[in-house]
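Please keep the sequence and the coordinates open while reading.

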Amino acid sequence: MSFTVAIIGRPNVGKSTLFNRLVGKKLALVDDTPGVTRDRREGEASISSLNFRVIDTAGLEERFDDSLEGRMRRQTEIALAEADVALMLIDARTGITPLDKHFAGWLRKSETPVILVANKCEGKAGMPGLMESFSLGLGEPVALSAEHGEGMAELFDVLLPFE
Ligand code: GDP
Ligand code: MG
């Protein structure tokens, strides 16, 4: 039986880049149904021999009138309800933002397990952000570069128990 992974986090941290890397050249379904589901993309993902369903929470920037936080929260609630595990991405080059902190505080109470992923960790520029991300209280971060494909073996290791 396959499991479902939700990719969550504030805009611009690299969620869609990771989604595309995980799904690869396989067809990524884009749901055109009006309403909240339109903001999500789902696909069949794999890292080496590990296969799972992945949900990209996207479109947080548009359509709803309320705050960014409110939109993130609603999108994430929908994704978490379906997921066995969530990857919370932060941008290690930018460092932890107040929105990341706020979001992490809320995620710590989630019943769905959350794995912290520090993205944009290629090179040395992500090092301070990676260290800083420990303070979110979501455990040890996985250092990743979705764009360059670094850290995928570590991602494999943390997702394997959910298979
Ligand atoms: P989303 O809004 O969370 O879905 O983020 P996107 O996947 O659209 O990426 C936002 C920006 O970050 C884009 O310009 C990406 O090219 C860039 N990006 C994504 N992953 C990486 C990475 O691993 N390293 C660097 N340096 N940039 C990245
Ligand atoms: Mg996106």
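## Basis and confidence

This is a predicted model, in which local features need pLDDT of at least 70 and side-chain atom pairs count only at pLDDT 80 or more, while totals for chains, interfaces and linings use all residues. Residues are numbered from 1 along each chain as its sequence is written, and chains are lettered from A and ligands numbered from 1 in the order in which they are written.

pLDDT is the predictor's confidence in each residue, from 0 to 100. The protein averages 86. A score of at least 70 is reached by 84% of the residues. The model has an ipTM of 0.99 and a pTM of 0.89.

Two stretches need care. Residues 26-38 stay under 50 in pLDDT. The model gives them 17 contacts beyond four places in sequence. A contact means two C-beta atoms, placed from the backbone, within 7 Å. Residues 59-64 are also below 50 in pLDDT. That stretch has 9 contacts in the model beyond near neighbours in sequence. Where pLDDT is low, the predicted coordinates should not be read in detail.

## Fold

The protein has 5 helices and 7 strands. These are DSSP runs numbered from the N terminus: helices are H or I with at least four residues, strands are E with at least two. From the N terminus, the order is β-α-β-β-β-α-β-α-β-α-β-α.

Of the 163 residues, 39% count as buried. Buried means 20 or more other C-beta atoms within 10 Å of the residue's own; exposed means 12 or fewer, and partly exposed lies in between, with C-beta atoms placed from the backbone. Take the contacts between residues at least 6 apart in sequence: 68% of them join residues at least 24 apart.

Which strands pair with S1? Strand S1 (residues 4-8) pairs with strand S4 (residues 50-57) in the parallel sense, over 4 bridges. Pairing requires that DSSP finds at least two bridges between the strands. Val5 has Val54 as its bridge partner in S4. S1 also runs parallel to S5, again through 4 bridges. Here Ala6 has Ala86 as its bridge partner. S1 is largely enclosed by the rest of the structure, because 4 of its 5 residues are buried.

## Core

The largest nonpolar core holds 40 residues. Such a core is a set of buried Ala, Val, Leu, Ile, Met, Phe, Trp, Tyr and Cys residues joined through C-beta atoms within 7 Å. Ala6, Ile7, Val54 and Met88 have the most contacts inside it. Strand S5 (residues 85-91) gives the most to this core, with 5 residues.

Met88 lies in S5. Is Met88 buried or exposed? Met88 counts as buried because 26 other C-beta atoms lie within 10 Å. Leaving out residues up to four places away in sequence, Met88 touches Ile8, Gly9, Ala104, Leu107, Val114, Leu116, Val117 and Leu138. Val114 is 26 residues away along the chain, yet the two C-alpha atoms are separated by 6.6 Å.

## Ligand shell

How many residues surround ligand 1? The shell has 15 residues. A residue is near the ligand if its C-beta atom, placed from the backbone, lies within 6 Å of it. The closest are Gly14, Lys15, Ser16, Thr17 and Glu147. Helix H1 (residues 15-23) gives the most to this shell, with 3 residues. By class, the shell has 4 nonpolar, 7 polar and 4 charged residues. Ala, Val, Leu, Ile, Met, Phe, Trp, Tyr, Cys and Pro count as nonpolar, Asp, Glu, Lys and Arg as charged, and the others, Gly among them, as polar.

## Single residues

| Residue | Phi | Location |
|---|---|---|
| Asn12 | about 80 degrees | loop between S1 and H1 |

Asn12 is partly exposed, because 13 other C-beta atoms lie within 10 Å. Ser48 counts as exposed, with 9 C-beta neighbours inside 10 Å.

Gly70 is in helix H2 (residues 68-82). Gly70 counts as exposed because it has 12 C-beta neighbours inside 10 Å.
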